[in-house]
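Colleague: I would like to learn how to read helix packing, a sheet and a cavity. Please take one topic at a time.

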Amino acid sequence: MLAIAVLPIVAGLNTQADAATMLFDFETDDEVRLWHNEGATTLGADKTLERVERFVASGKYAMRFTTPAWRPQEHGGAQKWPAFECRPPLTDWSNYDRLVMSLVNETAVPQKLALFISDSKLPMRSGLLQVEVLEPFSQVQAVIDLQKGFAEKGVSAADIHVMHFFTEDPPEDLSICIDRLLLLEPGEEPPPLPGAYLKEIATLQSGDVEGLRRALTQSGARLRESAKASPRVGAWLDKALGGLEGRLSDLQQRLERADDSVLEVPKGLAQVRGDLARLDSLLALRLGFEAVRPAVQSRRSAREDVVVGFATSMEKVLPRAGVPNLTTAREVSLALARNERESLQVVVMPLEADLPAAKIRVTDLRGKDRPRLAAANVTASPVGYVETKATPPYGSSHVGWWPDPILTFMEEADIAQGDAQAFWVQVRAPKDQPAGVYRGTLELLSEDKSVFSFDLTVRVYGFEVPDTSPLPLAITFAPHDFPTPETTETQAKWRESPDYPINGWKEHRAEWADFLADYYITIDSLYEYPSSSPDFENLKRLHDEGRLGTFNLGYFSVLGEGDKALQEWPAGVLDRLRPRYERAKELGLLDHAYIYGCDEHPADQFPAVERAAAALKAAFPDVPVMTTTYDHSFGLESVIKSVDWWCPLTPRFDADKAAQARALGKQVWWYICCGPHHPFPNMFVEYPAIDGRVLMGAMTAKYRPDGFLYYQISIWNSQKPIESGPFTDWDPRSWTTYHGDGSWTCVGPGGTPLPTIRLENFRDGLEDHAYFLRLEAAVAKAKAAGTPGAERAEWLRQAEEALAVPPEVVAGLNVYTQKPEDVYRWRNRLAELIEAAD
């Protein structure tokens, strides 16, 4: 290694710290030559690193990183990952809690620069990862939290072995200046940036300000032309454009001062640019609603600034970012079977003033010959919002407020000017509801006064969905928290409070069991927790009500070799399960039971998994044994022969091998957890709501897993239940730094259950699957009846065609629609054919 000195630097005007440790300041060519390609000693030809006298945060030089734009036509479409790395001159970072570096994007497009930091034992790409996205002509003082990042990834701070910079598919030729990589001890702050640096930044950004000013002028003229037919809309638009122009002038003044405030200009420019784009979309939405307004607005309402649109249950409407893709119409409709629930969203946007005490009211709906679908079967609740604070491991298009809980304990919400507030309108068709089309009225009220009135049409199909899941499920509901290193001490204190959600729910155990059953989920646990065992009281009640699914007798671990190992099997597995088995048998529940264990075990433990499964089958021959052990042959090519139910992660589901396993009497389920990530479906807070519906409905119908497993739906890290809204204090963080993984439920006032949009789509998908199975059974019945007549033969042809899930809905495990209309078209076609079968 070249000899590079690591020096403390005096913090100048900074009075909070005496010194900081300079890791790199690129004052010599030797510092630049330290960097090379991965697994090489030299730098590749696809990039350059050079010292430059521009954007110098320390000393006289910075290092410029350049690489050509990604041109897929030249690379055969392959991704481009220009990178460079080195072993830092200082490898023991134990005393430091942050790494700070200065980055400047010299180009007119956003550019990405990322950094892996790892030790000598951990693979580089498993180390700490910091990703910075630099706006055009912008500067970033990147601050990397070393203590948190190293703890999460298991990196040894005393053995830093590699720093690996990279970018991804540069949209244009990339040029980023890097300088002043500082290691800071707790309490230390980086020294101020030099005045010359700030002036260079101001000069760099001046062209971007002028360019945005020209774009604002051009867009303003176009938007005003669009709005000229409506003086009210035009006045609102003028005010909004004036606000953007004022903010741009403020940014220009900062550039002229060239002080520290210039560092905030890129962020301000990005916000103005984003708000201009939002204004464009918002104007289009408002003008679209103006065509509807005369037919729906109450004569007594003067709120001409309020816009109302409709969204499906498969969409997530951000309340304070972007403009929702809404349907503006005087009528909204939905369709459902008997015993089914189906939902839509009413989105309310007051654009010029707050809208107090807004709520949705639905009248009785009447059908032909006057049958009634009572208003009591319709609920309308505000959608609640949770705030994310960081980008999760699976990425996100937005950090901030996301829709998730449905606030069923509330009827109304105060809506702030500019917010997009969704209301979840759910219709339930009773089992005895006559089939037909029902019509009524959906009203928006503010302070109990009508603002708008829309026509609501509901079609009830002439068949019903089942009370229990059409697909076997193994899902954990066992509330607990998951502290991070930063919150461990705090959450330990919270656990002492009876109001802490993981404590408060216990007062409502029966209510939670009923709530879960309404979503086809049986109160159950895959794992053993303190004082956990099957809730036989509620399981028996659900069984008697005809709503019981499957439940786990208990978790099993691997088994060593020999009789002694069996006698000492961890936690006395057989002794623990025996009384549960006998109790289930006594209550008549045994045909609903299974035994789960050896969670995600690797190949080297296959013999021990088989020994455990064989011991269980010998003791409990009439209870299926299930595992997520990583045998992707489903026992066909391994020593594991005693497992009954296999459960791979969705990307590892192999339909051909599953068929072979079924021929041997096995079942093959599938599951999701913290993975997979997109492009496969999952149910994180930031993922599209349609993911859950497609996974449980059309994708299940296409691939035919024997069941679905999910490890936990009740990891709750909030201090208190949700007691108000719509913007809540509920912490969306669940497992580690994921949002919603292992947590599909929220806790309402006093520990009562609250659903989420994700849970609703989970059930909707299962109901779609029930449609599929109902039509499949009708086809089998028709075939068994013998040769059909011409009319019946045509129905049979169409039904079999519909049972082949169309590729525009699901083309593969990682290729599926994001369009709700595709799902509705397929589902409604199934329903029509079911009705025609009778």
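Colleague: Are α5 and α6 roughly parallel or roughly antiparallel to each other?

Modeller: First, the ground rules. This is a predicted model, where local features need pLDDT of at least 70 and side-chain atom pairs count only at pLDDT 80 or more, while totals for chains, interfaces and linings use all residues. Residues are numbered from 1 along each chain as its sequence is written, and side-chain values use heavy atoms, with hydrogens and water left out.

Modeller: Two packed helices are described by the angle between their axes and the distance between the axes. Helices (H or I, at least four residues) and strands (E, at least two) are DSSP runs, numbered from the N terminus. Axes are lines fitted to C-alpha atoms, for helices over the stretch in contact, and angles run from 0 to 180 degrees between N-to-C directions. Here α5 (residues 231-257) and α6 (residues 265-290) have axes that come within 10 Å and cross at roughly 175°. The two helices are therefore roughly antiparallel (angles over 145 degrees; under 35 counts as roughly parallel).

Colleague: Which classes of residue make the contact of α5 with α6?

Modeller: The contact has 17 nonpolar, two polar and six charged residues. Ala, Val, Leu, Ile, Met, Phe, Trp, Tyr, Cys and Pro count as nonpolar, Asp, Glu, Lys and Arg as charged, and the others, Gly among them, as polar.

Colleague: At what angle do the axes of α4 and α6 cross?

Modeller: At roughly 10°, with the axes of α4 (residues 195-227) and α6 coming within 11 Å. That makes α4 roughly parallel to α6. Contact means heavy atoms within 4.5 Å; the residues involved include L212 and L216 of α4 and L276 and L283 of α6.

Colleague: What is the strand order in the open sheet of five strands?

Modeller: The order is β25-β26-β27-β28-β29, with parallel pairing (two strands pair if DSSP finds at least two bridges between them). β25 (551-556) and β29 (667-668) stand at the edges with a single partner strand each, so one side of each has no neighbour in the sheet. Helix α13 (residues 573-586) packs on the sheet and touches β25 and β26.

Colleague: How many cavities of 30 Å³ or more does a search of the whole structure find?

Modeller: Rolling a probe the size of a water molecule over the atoms shows where empty space is left. On a 1 Å grid over the protein atoms alone, a cavity is a set of points where a 1.4 Å probe fits but cannot get out, and lining residues have an atom within 4 Å of a point. The search finds three. The largest has a volume of about 60 Å³, and its lining includes W730 and R758.

Methods: Angles under 35 degrees count as roughly parallel, over 145 as roughly antiparallel, 65 to 115 as roughly perpendicular and the rest as oblique. On a 1 Å grid over the protein atoms alone, a cavity is a set of points where a 1.4 Å probe fits but cannot get out, and a pocket is an open set with protein on both sides within 12 Å along at least five of seven lines; lining residues have an atom within 4 Å of a point. Grid points are joined across faces, edges and corners, and a volume is the space filled by probe spheres set on the points.
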